[in-house]
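This report goes through one protein chain, from single residues to the fold as a whole. Please look over the sequence and the model before reading on.

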Amino acid sequence: MKTILKLSLVICLMMAVLSTQAQVKFGLKGGVNLAKMTLKSSGMSIDPKTLVGYHFGIVSEFKLSDNFYLQPGILYSAKGSKYSISGDGESFEMSIKPSYIEVPINALYKLDVSAAKLLIFAGPYFAYGISGKYESSGQSQDIKFGTSDQDDMKPLDIGINIGVGADFKGFEITAQYGIGLTNLAAGASGDTEMKTKTIGISVAYLFGGK
């Protein structure tokens, strides 16, 4: 968790130091996650189903030039996936619902289009699992974050966001695709893989600046 705390501190310091600059905006952001977590083990792949989650938090936007911006943020983000597993004449439903503190750092390109601005953006994200539920056969238990064989998932996820959107005088509507690069499967086994894939639909309002 130290990595996420350090990144969050850096972003907060950036906001504080640059808050007097006219080219800086701050705001609130929230939206819906359409999440999946791929799961592979011992040569077998379990097809994930979309799990609907949400995200919310704060963002800032620094103007770098006429069209380029940097937009870091700190979000609470609920992700996960559902699975239908069958075999030996039996079937059951399973779901994993981890929640993260997520730090996205996106580079934006803004292009004037009529009354709005077209947004194209990409950048890394860093997320740390803080809570969640694992549900199977009607039973629910807390997710154990860690790296040992007794844990359910690794807590640290690193990935890349790419997306598009529109800016209407401070209101930003965006759609993005987040690709997790970290294998979240806990333990020493090398044949198990768990990665996140998330479509995020967001609305943000930014104020300040020019």
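A residue is called buried at under 20% relative accessible area, exposed at over 50%, and partly exposed in between. Valine 32 has a relative accessibility of 37%, so valine 32 counts as partly exposed. The model discussed here is predicted.

## The chain as a whole

The protein chain contains 1 helix and 12 strands. Along the sequence, their order is α-β-β-β-β-β-β-β-β-β-β-β-β. Of the 210 residues in the chain, 42% are buried. The accessible surface amounts to about 11100 Å², and carbon and sulfur atoms account for 62% of that surface. Taking contacts between residues at least 6 apart in sequence, 64% of them join residues at least 24 apart.

Valine 32, which is found in strand E1, belongs to a nonpolar surface patch of about 800 Å². The patch is made by Val32, Leu34, Val52, Ile160, Ile162, Tyr177, Ile179, Leu181, Ile199 and Ile201. Which strands each supply at least two residues of the patch? They are strand E1 (24–41), strand E10 (156–168), E11 and E12.

## Salt bridges

Side chains of opposite charge can pair when their charged atoms come close. In the whole structure, 6 salt bridges are found.

| Glutamate 102 | Lysine 79 | 2.9 Å |

Glutamate 102 forms a salt bridge with lysine 79. Glutamate 102 is in strand E7, while lysine 79 is in the loop between strand E5 (68–78) and strand E6 (81–87), so this pair ties together parts that are 23 residues apart in sequence. Are glutamate 102 and lysine 79 buried or exposed? Both are buried.

Glutamate 135 lies in strand E8 (residues 116–136) and lysine 97 in strand E7, so parts that are 38 residues apart in sequence are tied together. Glutamate 135, with a relative accessible area of 29%, is partly exposed. Lysine 97 also counts as partly exposed, because its relative accessibility is 32%.

Strand E11 holds glutamate 172 and strand E7 holds lysine 110, so the pair ties together parts that are 62 residues apart in sequence. Glutamate 172 and lysine 110 are buried. Salt bridges with shared partners join Glu61, Lys110, Asp167 and Glu172 into one network.

## Lysines over rings

Two of the lysines in the table also sit over aromatic rings. Lysine 79 lies over the face of tyrosine 125, at 4.5 Å from the ring centre. The charged end of lysine 110 is placed over the ring of tyrosine 69, 4.5 Å from the centre of that ring.

## Aromatic pairs

How many aromatic pairs does a search of the whole structure find? The search finds 6 aromatic pairs. Phenylalanine 171 is partly exposed, with 45% relative accessibility. Tyrosine 205, at 38% relative accessibility, is partly exposed. Elsewhere, ring pairs link Tyr54, Phe56 and Tyr76 into a cluster.

## Alanine 107

Strand E7 (residues 90–113) also contains alanine 107. The relative accessibility of alanine 107 is 42%, so this residue counts as partly exposed. Alanine 107 and leucine 70 are 37 residues apart in sequence, but 4.7 Å separates them in space, C-alpha to C-alpha. Apart from neighbours within four places in sequence, alanine 107 is in contact with Tyr69, Ile120, Phe121 and Ala122. Tyr69 is also the residue whose ring lies under the charged end of lysine 110.

Conventions. Residues numbered from 1 in each chain as written. Predicted model: local features only at pLDDT ≥ 70, side-chain atom pairs only at ≥ 80, totals over all residues. Heavy atoms only, no water. Helix = DSSP H or I, 4+ residues; strand = E, 2+ residues; numbered from the N terminus. Buried < 20%, exposed > 50% of the residue type's maximum accessible area, 1.4 Å probe, protein only. Contact = heavy atoms within 4.5 Å. Phe/Tyr/Trp six-rings, centres within 6.5 Å; stacked < 30°, edge-to-face > 60°. Lys NZ or Arg CZ within 6 Å of the ring centre and 35° of its normal. Patch = residues over 30% accessible without salt bridge, like charges linked within 9 Å, V, L, I, M, F, W, Y side chains within 5 Å. Areas by Shrake-Rupley, 256 points an atom, 1.4 Å probe, with all protein chains shown as cover. Salt bridge = Lys/Arg side-chain N within 4 Å of Asp/Glu carboxyl O.
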